[in-house]
Structure formats: structure tokens, C-alpha cells
Amino acid sequence: MPNNPKNTTSTLYANVILPLSVPLLYTYAVPPNMSVAPGSRVVVQLGKRKMYTAIVHSLHNTKPEQYETKNIHSVLDEKPIVTEKQLQLWDWIATYYMCTRGDVMKAALPSGLKLESEAMLYANPAFSERDSLTDKEELIFTTIHENTGISINDLQKLFSFENITATVQTLLQKGIILTGEKLLQGYKPKIEIRYRLPQVENIESVVNNAVENLSKAPKQQSAFLAFLDLYMKSKNPNFSISRKELLIKTSTNLQIVSELTKKGFLEEFDSTRSRIEIETAENQTAKQLNPAQQNALQQIITSFSEHKVCLLHGVTASGKTEVYIHLIQHIVAQGKQVLYLLPEIALTSQIIVRLRRVFGNKVGVYHSKFSDNERVEVWNNLLAADENSYSIVLGARSTVFLPFHNLGLVIVDEEHETSFKQYDPAPRYNARDTAIVLAQMFGAPTLLGTATPSVETYYNVQQHKYALVELTERYSQVQLPHIEIIDLNTARKQKRMYDTLFSKQLIEKIEELLREKQQIILFQNRRGFAPYIECTACGHIPKCKHCDVTLTYHKGTNSLRCHYCGFSQRHSVTCLACGSSAVEHFGFGTEKIEDTLREIFPEKHIKRMDLDSTRGKNSYNEIIEAFENREIDILVGTQMITKGLDFDNVGLVGILQADSLLNMPDFRSFERAYQVMTQVAGRAGRAQKQGLVYIQGYNVQHEVLKAVQHNTFHNFIEQQMLERQNFHFPPFVRLLRISVKHKNRQTAEQAATQLANLLQQLQGISIMGPEYPLIARLQTLYIQELLIKIPRTQSLEQVRNTVNKAIQSIAAQANFKSVQCICNVDPY
């Protein structure tokens, strides 16, 4: 709430962020003798019963005029868990990306740091007439009273009789028991049982006593002597060992260990253990840079004195990662931290090994495959800001929200990747751009690295906002892969196709390289077996109940699935509309490619890497390690395999359907197609021998395919920028997409039209729409979109304010109350 000098009091008030999508901060009074600070978690009551964990945003002495303030219920932290810099970043994200601070809080904080409330039952202390209760009521009242409060779920577990809920309801109506809210702590430290020698002054007397007294219990004596041997070898007077390790290393059982503990020869204690397993290995020195890499490193360091952002544009396999490692050494030596952002979790498994070889356990990892408790441990490690805190943190986009205290460098690898952009839910932020802002808050530089820079990044280089350093040759002078384009029209006419997937030219080359013990990567940017199935008798195509899309056939689970909302149904061999068995599959995805390859090469090990095959926590690592160890002959994958993975034995990369990348209705489709094909081609021939790339397609004279084949990046990007400038698209304008959603088609159309009319007051901007997007209905909601083009000279703040007022005006109308208006800034 804004401060009003007339309303200033001696009472301290706290503006807090609640984990809700509300536009303003809530103000609560700070009770006397309660100590709070910005960034601390506090428990507050909203409404009559609901309790929330809130983050203190700021403190002041101005009482709100609009409502009576409630007191903060309690403070959860002795020290703030969110830093001042983080709160500044949250404010910037909420403002720039047009969302609420509550949205940012929900995305930023690990779930383990958020408390949830649970309905609790309490005995009314004023009630004394127990004689009036039935036996069942008396039993329930006594249980609640003795437990000093209990949840309804726990109460139901204690009693097996029926209608317990009805009895509880009766007691509530009579006022005999009361309801309340109990906050549940999400994070729980992992506790393990450990053993050590008793904490006494004279250890020798304990040992002698044990040997003497255990002579009649040979198994206990043997176990104790085995423990003693471990103690002596450790040369650590505070040596302890976990229960699991003790049982294995002493070849004993828990009963014998328990006896030793009872007799006082061993001491049992609880110890907090990290959930994050780090393999300890002796640190190695970083690889020596070649002259081109050394020159690039010096240019980067020099550029930071004039530009806070530098683009390292290096061809695939030019050794950018080694340059990063040497730059990280330079920063860590100054006692500062490094944030290393990657677009995909799949990349972290390879990079983390390379970083830990050099930096050991000073490297932390943070991403969505971690459990909530593991994420809290990484958060707390950085928050401690001590000698045990990570110096380097590696992770995907959510890593920008961590509590760094002395950030000295941000590295954004594969900066062009769309995976850095969050689309749903809010905040719809771009982690690359957010990381640059975070670095600026610390006065730290940012290094963007890629073989295929995004148009907007290259535009900033041309505008002299970013410095540019280039690596034009591969490490060890290996040539870039030789790229051939296979015309599928010609292959079909000449009947040189295997199934509908592969040209015989591609299959013959795969056979040749497999005989030479080389590995193959095949790329198809569509998962599943077939994009859709159709009854050739009546033309029926199964579609999603909730979205305007066809269902994808997945052979492994024999199901038809929607890749947008998750709806699925069992695949029937007969048509659901007419009962005919003339049901055919059309198109192909990674699952069908894998299936067909197993028929062609039954003795070869073929693996698939897509969203379906990598749902487990360690799935990425297992597939990548198996491929690195040459246990996999052919790897089939989606975009996951295009992003910076480094394999030394890939002789051939095949792109099976280039046309699907080129024909997307998006102003960035050519740019993205070029990036994807160049990146996946770069997986070939990275060690000693030049690799091969076969690109299958129908439109073989397409300008993008020619640019990929001849590696003419500069000509390609200049042409893209010219087209963007002529048609007024980024980076020459800013884009704001507003999606209007409702279950009723007509309501969505009316709200979108009215919103467009309200926005016409904005001068100097272009409004396109409202119009239905490519998929007009998702998750039961019809969608109308407006695309606003904002000139770079126009005030973004003015546009945001006008848009927010227009949306509020729509929401205030009774017939539009359930309409959703979603703003997406920079929706690309």
C-alpha cells in the first residue's frame, strides 16, 4: 500500500507478498516485541480461517486507510530466507512481465519453503458437560483433547467405525469442538542414524573394557573390533559411521549393534544428511586452451571493461565449454560466485562432470528433476553464505531465483534456446534476459554462448550493446560436418524409400557406419508413434475432448494422448464411429522410428530420447552415459539431442523430416529451423574424423536448408533482420500477446473484441486481432489472441498501464467475470 504521511503511526507495519495472483501487497501490523525483516517468512491470516506463508517485502509506519489491519500471526525465520537482491528481481519480473509478485513468489520459492494449512479439530476448553455425550462422541472428544488438536484425516485413521464425519459435524454444531488451521512445514531434513565411540576422556579404557567384557560374546566382540579398525584407519578422533555402512563393513546385524549400544561400547546418534549425492573425486587441472580459445578468453575478459554482456559465437565443437571453465576459474579466484544457465536438464549431466573434475564439490546443481527437499538444501546452502556455499551453480531457468550473495559472472549457454522462456503458468519470463538483469544488480558481467545466436542477440551486438567474440574453427582443427540434402520426391519416384521414413541412401550409410563401429543420431521433432489415426472407411479422426487437436498414437502404452492437456484413451483396433477395422496411422514420431529401426537392425542397441523416455529423475543421465560408453548404436530423439551434447564417436546425424520445421506459422520459424538443424548437425564428427549429416526433405531448394548446408550464418541472419524490419517484428519492435480465454466461444470473442476497442486509445502502436490462434481451444477454454507491436521508442510503462486498466475494465463486467486475460511479454 502507498505511504500516506498523514496516516503515520508508531506501529510498525509490514507489506507482505502472498502466494496468490493479487496485484497489490497486503499490509499487516507487526505486534510489539516481534522482530521481522524484509525477506522473512511470516504466517498471516487471510479471511476468516485460511493461513498463508507470506514474505515480508517492506516495513513502514503508515496505517492503511482502506481496511483494518490484522496482526502477523508468527515469524518463521530467525534470518530472512529471501535476500534484498531477490526481492528487487521479483519486483522487476512482476513489472516487466506483467504478472503479480505472488506469481513470482510461487515460481521462485521451492515448495519445501512454503507452508500449507490443514483443517484441525480442537477441544473447546469451555466445555465441561461430558455426561451429555454419547459413547462415540465421548471417545472422539477425549481423543481430540488428549492430542491437543488433530486433523480429520488422522482422526479417521484412528477409528474404524462408520459415520465418524457425521459425529464430528454434530460436535462442531454443538460447539463442543472447534476448527482451526495448522500450518504444515514442507521441508524436513533427512536424518540418518550414525554410530561413534562414547564421548569420554579416556577412549583406551572403553576399548580395554569392551575387549575384556565381550570375550563371552564373540560376535559382538568381532563387530566392535571391526568398528575399532575403521576408527583407527580414519585417523579422525570424531569418526562416525552410518548404520547402513556399519552393517556392511563389519559384516554384522542390527541386533548385535544394538547390544553394543546398550552396553555403552558404541554411541548411537541422529545426524542430518544432505539428499544431494556428490561423487568426490580428486580435482584435476582444466584442459589447456588452444591458441584460438586462449585468444577468445582474453577478448572476453577485456570486453567486460566496456560491455557488461558479451556474445561468444563459436561453431559447434569449437571448445566453448573449456573457455567457460577457464573464465569461471578467473572469477572464483576472486571469491565470487558463478551462475551457469543451461536450457535443458539433459545438458547438466555432461557439464556437471566436467565442472566437478576441476572445481570438486564447490559446484551445485538445481533443476526441476530435484525433489522439493533437495531444492531446499541447495537454497539453504547458498543462503548460508559461508565457506561451504557453492561457488558455481549449474541449472535450468529456475536457477535465476536462487539466493546468491556475491555473484561475479553469469553464463548463459545455448542462449538462443526457446527453453529459456516460460510460457505457463505466470511469470512468463525469459531466463536469459532475467539473468542479464540479475547480473546487472550485482554489477557482474554476462557471457552468452552459442553456435547459432538468436536474431535479437545479434541485433544487440550490431547496436554495440553487447560485445562479440568469435570462435570460427573446431577444436583440434576437425572440419565441420559434410552435409547432404536428400530429395524425398526423387527417392519416392525412384522407389528408393524404406517404409515412409527413410531413404535407402540414409539406410545404406547407417549400415556402413555401424560396420565401422560408429554411432548414429537420428532427429525427429515429434514424439509418439503417429501424430494421428484415421478411419479410411468413414474419415473419423479421434480428437481430444478438451482441446482442438488430434490425439497422438503411442504404441508402447497402446493409447491415444493429447500432448497439450494430458487427456488419453485406449487405442481401439476398430473405428469408434463406424466400427470398421480400416484404421490407419498417419505421420511418424520418435517411437515409430525406433520401432522401424529395430526391424531393420535387430541386433543393434537402439534407444529413444524424448519426453516419454526421460520422465524418471535419472533417465537423462542413464541414456547419455550409455551413449558416451558406446552401449547404444543408434539414438533417436527430439530437440533434447540438439542442445550442446558432446559425443566423440558420432559418424552420422540424420534429420528425417526437415519440412516440418520450416512450415510453422511463426515469424521465427526460419530462424528456429536453422538453429535446430545446425545444432543437431554439430553432434557429428566432434573428435578426429569429419562427420556426415543427411537432411531428408521435399523442398530441397529452401533458403534455410542451403544456409545450413553451406554454413552461411551471417548472410542468413542479415536476411532475417531485413525481413523483420520490413514487417515490423522483433528485434525492431516489442511484442505483447494477450490471450483471452473462456469456456464459451461467444463470450471469449465478445471480451476480446471489447478489449481490442479499449486498447485503440494507445497511440503509435499496432494491434493485430483479435483472432483465433492455430489451436483455438485448449483445456476446455476457447482462445482469442491480440498481438500488440510496440515501437522501441514507445514507453513500455505507458502501454503496460493502459493494458492493465483495460483488462481490469473487462473483469469488472458481470458477464466477463470468469474470462481470463493473460499477458505474455516477449512471447517468442
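## Salt bridges, ring pairs and backbone features

Arg496 counts as partly exposed, at 33% relative accessibility. In this scheme, buried means under 20% relative accessible area, exposed means over 50%, and partly exposed lies in between (1.4 Å probe, protein chains only). The structure is a predicted model, in which local features need pLDDT of at least 70 and side-chain atom pairs count only at pLDDT 80 or more, while totals for chains, interfaces and linings use all residues. Residues are numbered from 1 along each chain as its sequence is written, and side-chain values use heavy atoms, with hydrogens and water left out.

The partner of Arg496 is Glu508. Glu508 is also partly exposed, because its relative accessible area is 42%. The two residues form a salt bridge (a side-chain nitrogen of Lys or Arg within 4 Å of a carboxyl oxygen of Asp or Glu), with their closest N and O atoms 3.5 Å apart. This pair links distant parts of the chain, 12 residues apart. Glu508 sits in helix H17 (residues 504–515). Arg496 sits in the loop between helix H16 (488–493) and strand S20 (497–498). Helices (H or I, at least four residues) and strands (E, at least two) are DSSP runs, numbered from the N terminus.

The salt-bridge count comes to 30. One of these pairs is Arg608 with Glu594, whose closest N and O atoms are 2.8 Å apart. Arg608 belongs to strand S28 (residues 606–609) and Glu594 to helix H18 (residues 590–600), so the bridge ties together parts that are 14 residues apart in sequence. Both Arg608 and Glu594 are buried.

Lys233 and Asp229 form another salt bridge, with a closest N to O separation of 3.2 Å. Both residues lie in helix H7 (residues 218–234). They are four residues apart, about one turn of the helix. Lys233 is exposed, because its relative accessibility is 61%. Asp229 is partly exposed, because its relative accessible area is 37%.

Salt bridges also build a network. Its members are Glu415, Arg432, Asp433, Glu456, Arg668, Glu671 and Arg724.

The model has 18 aromatic pairs. The rings of Trp92 and Tyr97 are edge-to-face, because their planes stand at 90°, and their centres are 5.7 Å apart. Rings of Phe, Tyr and Trp (its six-membered ring) pair if their centres lie within 6.5 Å; planes under 30 degrees apart count as stacked, over 60 as edge-to-face and the rest as tilted. Trp92 is partly exposed, because its relative accessible area is 24%. Tyr97, in contrast, is buried at 1%.

The rings of Tyr324 and Tyr340 also make an edge-to-face pair, with centres 5.7 Å apart and planes at 90°. Tyr324 lies in helix H11 (residues 320–332) and Tyr340 in strand S13 (residues 337–341), so this pair ties together parts that are 16 residues apart in sequence. Tyr324 is buried, at 0% relative accessibility. Tyr340 is buried too, with a relative accessible area of 0%. Elsewhere, ring pairs link Tyr458, Tyr674, Phe713 and Phe716 into a cluster.

Ser349 lies in helix H12 (residues 345–359). This serine counts as buried, because its relative accessibility is 12%. Ser349 and Arg492 are 143 residues apart in sequence. In space they are 41 Å apart, C-alpha to C-alpha.

The backbone contains cis peptide bonds. One joins Ala426 and Pro427, with omega about 5°. Pro427 is found in the loop between strand S16 (407–413) and helix H14 (431–441). That loop between S16 and H14 also holds Glu414. Glu414 has a positive phi of about 55° although it is not a glycine. Glu414 is buried, because its relative accessible area is 5%.

A cis bond also runs from Pro730 to Pro731, with omega near 15°. Pro731 is placed in the loop between helix H23 (713–727) and strand S32 (733–742).

Asp499 is not a glycine, yet its phi is positive, at about 60°. This aspartate lies in the loop between S20 and strand S21 (502–503). Asp499 is partly exposed, because its relative accessible area is 41%.
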